[in-house]
Amino acid sequence: MLQIKARIVDNKKVSDNYFRLSIEAAKIIREARPGQFMQVKVSAGYEPLLRRPFGIHRVKKSTIEILYEVVGRGTQVLSQKTSGEYLDIIGPLGNGFSMLDGRYAILVAGGMGVAPLLFLADKLVHSYPLVLIGAKTKGSLLCEGEFRRLGCNVKVATNDGSKGFKGNLTDLLKKLLSTIPACRSGRDYGLSTIYACGPKPMLKELALISSRHNIPAQVSLEAHMACGFGACLGCVINTKQGLKKVCKDGPVFNPDEVIWQ
Amino acid sequence: MRPKLSVNIGKLKLKNPVTVASGTFGYAEEFSDFIDLEKLGAIVTKTITLKPRQGNPGPRTAESPAGLLNSIGLENPGIESFLEDKLPFFKKIGVPIIVSIASESDPGEFIILAKKLDKIKEISAIELNVSCPNIKSAGKLIAQDPKATYEVVRSVRRITRKTLITKLSPNVSDIAEIALAAESAGSDALSLINTLTAMSIDVQTRAPKIASVTAGLSGPAIRPLAVRMVWEAYQKIKIPIIGIGGIMDISSALEFFIAGATAISVGTANFINPKATLEIILGLRGYLIENKIKDINSLRGSLNV
């Protein structure tokens, strides 16, 4: 866990409201694992006051990338930063995904959920992971090309059917798990692991699917947090073992342990 | 010239007047990656209760203009587990430990807690949190009633010689009245202020942003109010004041000393800049040198009116 001043290398619009920020953070890279996040102070002053948490999206030689959507004041301010400016960053934070060797990886990314899963895919690429990406429409699909270029097996779902499977991402997953024979090109779906990030209803549905098919899963959750490193106790969620901190006990949880509301 | 930064809080001598506000520093371990903990003047623990408390449901925090709303609900492992699991780390740091305590339903719990802490020599002081706004069962806060404040402080005073600090609430009409009650009951010092009861609403869902509806407001938004309360209390009491409320940096810390604080606690800033405390200690030294002030104690209450 480090607090550093990181130089912005690039901060570019990807599409619509989505931006990709690239910062120099060699020290953080040394410790970073997929599923971990960083706390970014987007302005030096009090507006906004708190840092903003962002999942580590991609790691290159000495730069870390963040993919973000402009949704409020914090991301608005961040989107106006330009290369050469510095950002105060704390990271890497949280537990991250546990990458299970020898299991077939299924990555399920709903909307902005692609952000931390691209870093994970990069680490799992040797096992030719299946990546399911979902969005409302074709235009709001994120990172399809990035996942393909890594060499992943990418399938797409859109709610309006403008590209790929028409419907929810979880319906696509259900279809794949039921229609594709258990063994496909030597890979047994029963020996898979699901890694997911996306909107809460999607993750809740995914918890049901994973338990019905008896496939272990890891889901990355979000919560409002003040510090990000376990001090404020703000970001708790309900689990079967009591309240847990999303920032420190998570953000990656076993969906069976989460009490979904 | 190396200016003198040490101050006295009751029997307790601090090497510098910078500490942390209860509940904003976890159990110190959380900050060990960021700062050299032994440089702090003292460390105040998260508030400990007799029994473990799960705290309030989420969402527990929300942001407001220059402020933070929180309603954690005194989540803590309880005194026994604190002494066993958390205290050993504090002992290793080697700075004075101030243990914050609170009762849940019966103010008599303060006495039981204080008796347990009184036996432990590594604990330098006890802070009585009679002002947490986020416990449901509490109703009126102890710190909203001068009589109730007097009684709690008095009852703890009788059983311990350790330095006693009483943390007061800003949710009162006359802070000096409560400050006097704590002083006359034997409190060695006061912590001023706890958070302000506040709320914030999501207008799309019309739901409160915090699950427990109301929460405590902290951060720079409350600083002018905190400075005013320190100034008001300072003129009425003789015991030292630990100033708290939206201290983010050196200039905000200085306001509290000038208003009458003997020491200060950094709160919300710890969440945003975990190095804030050490930056303030450095800044204090610089300010004193620049202004040719030999001793931080001569800055106290030096307001030019």
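**Figure 1. Area buried between chain A and chain B.** In this predicted model, about 2400 Å² is buried between chain A and chain B, and carbon and sulfur atoms give 60% of that area. Buried area is the accessible area (1.4 Å probe) that two parts lose on being put together, summed over both. On the chain A side, Q3(A), Y46(A) and L49(A) lose the most area to chain B, together 25% of what that side buries. The contact (heavy atoms within 4.5 Å) takes 27 residues from chain A and 31 residues from chain B. The model is predicted, so local features need pLDDT of at least 70 and side-chain atom pairs count only at pLDDT 80 or more, while totals for chains, interfaces and linings use all residues. Residues are numbered from 1 along each chain as its sequence is written, chains are lettered from A in the order in which they are written, and side-chain values use heavy atoms, with hydrogens and water left out.

Figure 2. Between the two chains, 10 residue pairs are in polar contact, both residues being at pLDDT 80 or more. A polar contact is a pair of N or O atoms within 3.5 Å; within protein, one must be able to donate a hydrogen and the other to accept it, and residues adjacent in sequence count only if both atoms are side-chain atoms. The elements of chain A that give two or more residues to the side touching chain B are β1 (2–15) and β17 (242–245). Helices (H or I, at least four residues) and strands (E, at least two) are DSSP runs, numbered from the N terminus. That side of chain A divides into 16 nonpolar, 5 polar and 6 charged residues. Here Ala, Val, Leu, Ile, Met, Phe, Trp, Tyr, Cys and Pro count as nonpolar, Asp, Glu, Lys and Arg as charged, and the others, Gly among them, as polar.

**Figure 3. E63(B) and its salt bridges to chain A.** The count of salt bridges between chain A and chain B is 2; the criterion is a side-chain nitrogen of Lys or Arg within 4 Å of a carboxyl oxygen of Asp or Glu. R52(A) bridges to E63(B) with the closest N and O atoms 2.6 Å apart. This pair crosses between chains, from strand β4 of chain A to strand β5 (residues 61–64) of chain B. R73(A) also forms a salt bridge with E63(B), with the closest N and O atoms 3.8 Å apart. R52(A) is buried, at a relative accessible area of 18%, and E63(B) is buried at 11% relative accessibility. Buried means under 20% relative accessible area, exposed over 50%, and partly exposed in between (1.4 Å probe, protein chains only).

**Figure 4. Salt bridges within chain B.** R53(B) and E104(B) meet through their side chains at 2.8 Å, N to O. R53(B) lies in the loop between β4 (43–44) and β5 of chain B and E104(B) in the loop between β7 (97–101) and α2 (109–118), so the pair ties together parts that are 51 residues apart in sequence. Both R53(B) and E104(B) are buried. In another salt bridge, the closest N and O atoms of D188(B) and R157(B) are 2.8 Å apart. D188(B) is in the loop between α4 (175–184) and β10 (189–192) of chain B and R157(B) in helix α3 (residues 146–157), so this pair ties together parts that are 31 residues apart in sequence. The relative accessible area is 16% for D188(B) and 17% for R157(B).

Figure 5. Strand β2 (residues 18–24) is joined to β6(A) by 7 bridges, and F19(A) stands opposite Y68(A) in β6(A). S22(A), in strand β2, is buried at a relative accessible area of 8%. Beyond neighbours within four places in sequence, the contacts of S22(A) include R7(A), V9(A), T63(A) and E65(A).

**Figure 6. Helix α3 of chain A.** In helix α3 (residues 114–124) of chain A, 9 of the 11 residues are buried. Among them are V114(A), L117(A), F119(A) and L124(A). The cover over the buried residues of α3(A) includes β6 (63–69), β8 (104–110) and α4 (144–150) of chain A.

Technical notes:
Pairing = 2+ DSSP bridges.
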